[in-house]
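Let us take a walk through this protein together, one part at a time.

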Amino acid sequence: MAKDVDALFEMAGKIPEWLDLPDPKGFRPKRKYETIWISDVHLGTRGCNADMLVDFLRSVECRTLYLVGDIVDGWRLRKNWYWPDAHNEVIRRILKMAHRGTRVVFIAGNHDEMLRDYAGLTFGGVELVMEAIHETRDGRRLLVTHGDAYDGVVLYHKWLAYLGDQAYGLLLRANIVFNAVRRRLKMPYWSLSAYMKKRVKNAVAYISSFEEAVASEATQRGFDGVVCGHIHCAEIREFGGITYYNDGDWVESCTALVEDFTGAISIVDWVAETGGRTAPAAAPEHAPQGAGQPTPAPLPAPAATGALA
């Protein structure tokens, strides 16, 4: 039986006070969307751009937020514990959105596969599922899945996936050092790892075959499109009448997919939109904030969605 953490808190009389605190006064008007998809945040790793993700989440409101896998990197945390407060801020922001009425659906990926045993449960207002079906405002049915099930390396040669993860980790560490130097020079964030990946022939071929495999699955199951993550490459492409959407990541590119109130879906590149710089630092979500801020205007009624546990 599903147990909601909010209900447990209420019974214990211990709902965290920060859930009901008003947001810090923003420097930008909040964007309103029907749906937002993010994935591949990799909390628990040094490569995670948590500050930029918090900046993005504070800048938006939506009816439904899909967390499309690899939000937490269990592979890394098993080897070495790394969890700065910026990563807590991501969790707090998501829980606050759920507490305020946003439907939050968490689709576990391969790096947070330990959560798959709990599919069908709800934690703190966050629904945990294996995959979901989303109906857009214009009536299209989309399969929402992390995508690792269509990755031959992960599926059949997991040891190669771990080996590749080690090499990728080295590249991301180089990316961290590279951007630390850029910050000292007062230059904005720029992803060295993403730049290199897009110029390696084998990586380009791998991405193309993955996209085709995911689109083929959506076709066979009668969907109009598919939304996934996994390969850290934001994209919108057509495959024989099927629309393939990838929301990218928050390690290299800092991208998300958003659906407006007409059903149109587009990619938001937060690095490009902010110049690689976050808004001025605001107080953490758990710290007391001043009262008296205006209540956001209500969003339109949500489109139908479904989840496959």
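**A guided tour of the fold**

Among contacts in this protein between residues at least 6 apart in sequence, 74% join residues at least 24 apart. What you are looking at is a predicted model. The protein has nine helices and 13 strands, and 48% of its 309 residues count as buried.

Seven strands form an open sheet in the order β4-β5-β3-β2-β1-β11-β12, and their pairing is mixed. At the edges lie β4 (122-123) and β12 (265-269), each of which pairs on one side only. In general, strands of a sheet pair through backbone hydrogen bonds, either parallel or antiparallel.

Now follow some of the neighbours across this sheet. β1 and β2 run parallel and are joined by seven bridges; here Tyr-33 stands opposite Cys-62 in β2. Moving on, strand β2 (residues 60-67) pairs with β3 in the parallel sense over four bridges, and Tyr-66 faces Val-105 in β3. β3 also pairs with strand β5 (residues 126-129), again in the parallel sense and over four bridges. There, Phe-106 has Leu-128 of β5 as its bridge partner.

How enclosed is strand β3 (residues 103-107) by the rest of the structure? Four of its five residues are buried, so β3 is largely enclosed.

The crossing in which α2 passes α4 is left-handed. To find where they meet, look for Ala-50, Asp-51, Leu-53, Val-54, Leu-57 and Arg-58 on the α2 side, and for Ala-86, His-87, Glu-89, Val-90, Arg-93, Ile-94 and Met-97 on the α4 side.

Is α2 mostly buried or exposed? Eight of its nine residues are buried, so this helix is largely enclosed by the rest of the structure. The buried ones are Ala-50, Met-52, Leu-53, Val-54, Asp-55, Phe-56, Leu-57 and Arg-58. Their cover includes β1, β2, α4, β11, β12 and α9.

This brings us to the interior. In soluble globular proteins, nonpolar side chains tend to be buried together. In this model the largest nonpolar core has 34 residues, and those with the most contacts inside it are Ile-36, Ile-38, Phe-56, Leu-65 and Trp-250. At least two residues of this core come from each of β1 (31-38), α2 (50-58), β2, α4 (85-99), β3, β5, β11 (255-259) and α9 (270-274). The largest share, six residues, is supplied by α2.

Not counting residues up to four places away in sequence, Ile-38 touches Leu-53, Phe-56, Leu-65, Tyr-66, Leu-67, Val-68, Ile-71, Asp-247, Trp-250 and Ala-256. Apart from this core lies another one, of 15 residues, among them Tyr-150, Phe-223, Cys-228 and Phe-239.

Finally, visit a few loops. Asp-70 is placed in the loop between β2 and α3 (74-79). Its phi is near 55°, a positive value in a residue other than glycine. Asp-70 is buried, with a relative accessible area of 1%. His-230, in the loop between β8 (225-228) and β9 (235-239), also has a positive phi, near 80°. With a relative accessible area of 11%, His-230 is buried.

The last stop is Ala-264, in the loop between β11 and β12. Leaving aside its neighbours within four places in sequence, Ala-264 is in contact with Val-258 and Glu-259. From C-alpha to C-alpha, Ala-264 and Asp-138 are 7.9 Å apart in space, though 126 residues apart in sequence.

Key
Residues are numbered from 1 along each chain as its sequence is written. This is a predicted model: local features need pLDDT of at least 70, side-chain atom pairs count only at pLDDT 80 or more; totals for chains, interfaces and linings use all residues. Side-chain values use heavy atoms; hydrogens and water are left out. Buried means under 20% relative accessible area, exposed over 50%, partly exposed in between (1.4 Å probe, protein chains only). Two strands pair if DSSP finds at least two bridges between them. A nonpolar core is a set of buried Ala, Val, Leu, Ile, Met, Phe, Trp, Tyr and Cys residues joined through side-chain atoms within 4.5 Å. Contact means heavy atoms within 4.5 Å. A crossing is left-handed if the near helix is turned anticlockwise from the far one by less than a right angle, and right-handed if clockwise.
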